[in-house]
Amino acid sequence: MKKTQRILAFVLTVILLLAVSIPASADYDFAANAKIVHSDYTGKTIILHTNDVHGALSGYAYAAALKTRFENAGAEVLLVDAGDFSQGTTYVSSFKGASAVTMMNAAGYDLVTLGNHEFDYGYAQLTENLKKAAFTVLCADVYLNETGETIYDPCAVVETGSGLKLGFFGMETPETATKVNPGLIKEITFATFDDFYASAQLAVDELKEQEADLVIGLVHLGVDAESAANGYRSVDLYEKVPGIDFLIDGHSHTVMTSGENGEPIQSTGTAFQNIGVVVIDNETKTIEDHFLMSTQGLTANGLVAASAQGIIDTVDMEYGTPFATTEYFLNGERDPGNRTEQTNLGSLITDAMVWSVVSAGGLEAYYDAPVVGVTNGGGIRASIDVGEITKNNINTVLPFGNTVAVVYVSGAELLEALEASTFCTPDAIGGFPQTCGIEWVLDTTAAYDQGEVYMLNGQEGSYYAPASINRVSIVSVNGEPFDEAATYAVVTNNFCAAGGDTYNVFNRAYEEGFGFDTGIPMDEAVMDYITEVLGGVIGEAYAEPSALASQIRP
């Protein structure tokens, strides 16, 4: 890692001397550009915002250029982000998120809040990365267990040159406690349920006491259906916490300029699909306009673009060599995709995971049990197009550095895991099980029988256990009749084994000694399977998803 950091530092130093202006696209957005260039923003403060960048490093050059253009039009400008900048491509994951901080510094960000993926590499790595941040980090609802204090300041007032006092607070989705490997974040606690709202209210009240003219939330909450049961969406926060003037949202990758009922909430999508704009009149101290600008047609800041390209080139030198080919598109989409149904990529990955363990032998030394594969669909982050496959492709699909793990569960516990992980299907859920070896049926027309909230590491999680099994039935395992009393060896990943997403039942078994971490990186398991078992060619066997997983839909 130190060698990579030295290379990165050298590349950035060189490209600062070579920076040139680079156009973003030949397809110019005349209307959006004219609104900026030919408008006088004297007496205005502009908040530019992004969210869920997910390693799309080239986009930072557009944000920086847009900031300069509004400044040239007479405005005071703040550039902010609503989280999930540390993961998504090898250009950030290979640096464990540090390269995203480098780029945000270069682009001139002022304030950010944290997304769940900022914690993917652990709390210790996050704090190390953010020591280098030139921007302010806000987070009102995540606490250090040792002191009870928030991990970063919950809120801050920014006073502009015109005397306008803007109050910002930051909120992180409590779902992070189960969307990140729990073993990597044991030092911290995420506020849940009433405490979640109380944390936000404390921050809002503090900003009011500091006489903020406007209170603006940088929130990584989103509007996903899976978050509705616990009230963790941005629309829920706005309803429950009085005193908020505007929310800049992230997490669900939604493109919106208002909430479902007209709430003042704006979100840009993902990967610099858009950049958000909030226009504030300094004299009246009110928000007079807010909108999204597509980055298509914008001109990039040459200096920042060159910085991004330096990182991209450095990573591509190591990860860009093809090692295999695929004759079929491998579906890594979100919805419809790995969070809603079985996919061919999910089948490939689970087959590879099982093979990586079974081929090494030794499972029978623990329990001589039927072996199946289960991995969370939310851990599959990208598709692979027909043609050559590189290490970069595989690492983009599986960017978390997870390892292959094994847990031994009863048939009843396996049913519970599948039921809990599909509680809101056909709506998308990160825990949706991609499987192999299990013939099972999900009836989405049946109601989920919500039981008690799952507990993990002594804390309330984000999901509820099923009080009964209503939606899932298992027909067979490896072609043999399913038995609720039998023991099954589930090959999964260390995130799920630790209780990540909806897999609390796996963690119970793991913590009781009925499981182990193989130490085999998931990406290496997949690459080895492709080369050694498939001969370097992904062919007809993965033209379609496994037919063993099926659904009954309305």
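The questions and answers below go through strands, helices, cores and cysteines of a predicted model.

This is a predicted model, in which local features need pLDDT of at least 70 and side-chain atom pairs count only at pLDDT 80 or more, while totals for chains, interfaces and linings use all residues. Residues are numbered from 1 along each chain as its sequence is written, and side-chain values use heavy atoms, with hydrogens and water left out.

Q: In the open sheet of 3 strands, what is the strand order?
A: Helices (H or I, at least four residues) and strands (E, at least two) are DSSP runs numbered from the N terminus, and two strands pair if DSSP finds at least two bridges between them. Strand β17 (residues 322–326) pairs with β19 in the antiparallel sense over 4 bridges, while β19 (387–390) and β29 (537–538) are the edge strands, each pairing on one side only. The pairing in this open sheet is mixed, and the order is β19-β17-β29.

Q: Which residue in β19 is the bridge partner of T326?
A: β17 covers residues 322–326 and is antiparallel to β19. The bridge partner of T326 in β19 is G387.

Q: At about what angle to β17 does helix α16 run?
A: Axes are lines fitted to C-alpha atoms, for helices over the stretch in contact (heavy atoms within 4.5 Å), and angles run from 0 to 180 degrees between N-to-C directions. Helix α16 (residues 522–532) lies across β17 and β29, and its angle to β17 is about 70 degrees.

Q: Which elements do the buried residues of α6 pack against?
A: The buried residues in question include Y123 and L126. Their packing partners are α5 (98–107), β5 (136–138), β6 (142–144) and β9 (188–190).

Q: How many residues has the largest nonpolar core?
A: A nonpolar core is a set of buried Ala, Val, Leu, Ile, Met, Phe, Trp, Tyr and Cys residues joined through side-chain atoms within 4.5 Å. Y60, F70, Y109, L114 and F119 have the most contacts inside the largest one, and Y109 touches, among others, Y60, L79, M104 and F272, not counting residues up to four places away in sequence. A second, separate core of 35 residues includes I438 and Y448, whereas the largest has 61 residues.

Q: Which residue of β13 does L247 stand opposite?
A: Strand β11 (residues 246–250) runs parallel to β13, joined by 2 bridges. In β13 (residues 265–268), I265 and S267 point one way and Q266 and T268 the other, and all are buried. L247 stands opposite I265.

Q: How many disulfides does the count come to?
A: A disulfide is a pair of cysteine sulfur atoms within 2.5 Å. For C139, which is in no disulfide, the nearest cysteine sulfur is that of C155, 12 Å away. C139 is buried at 0% relative accessible area, and C155 is buried at 8%. The count comes to 0 disulfides.

Terms used:
Buried means under 20% relative accessible area, exposed over 50%, partly exposed in between (1.4 Å probe, protein chains only).
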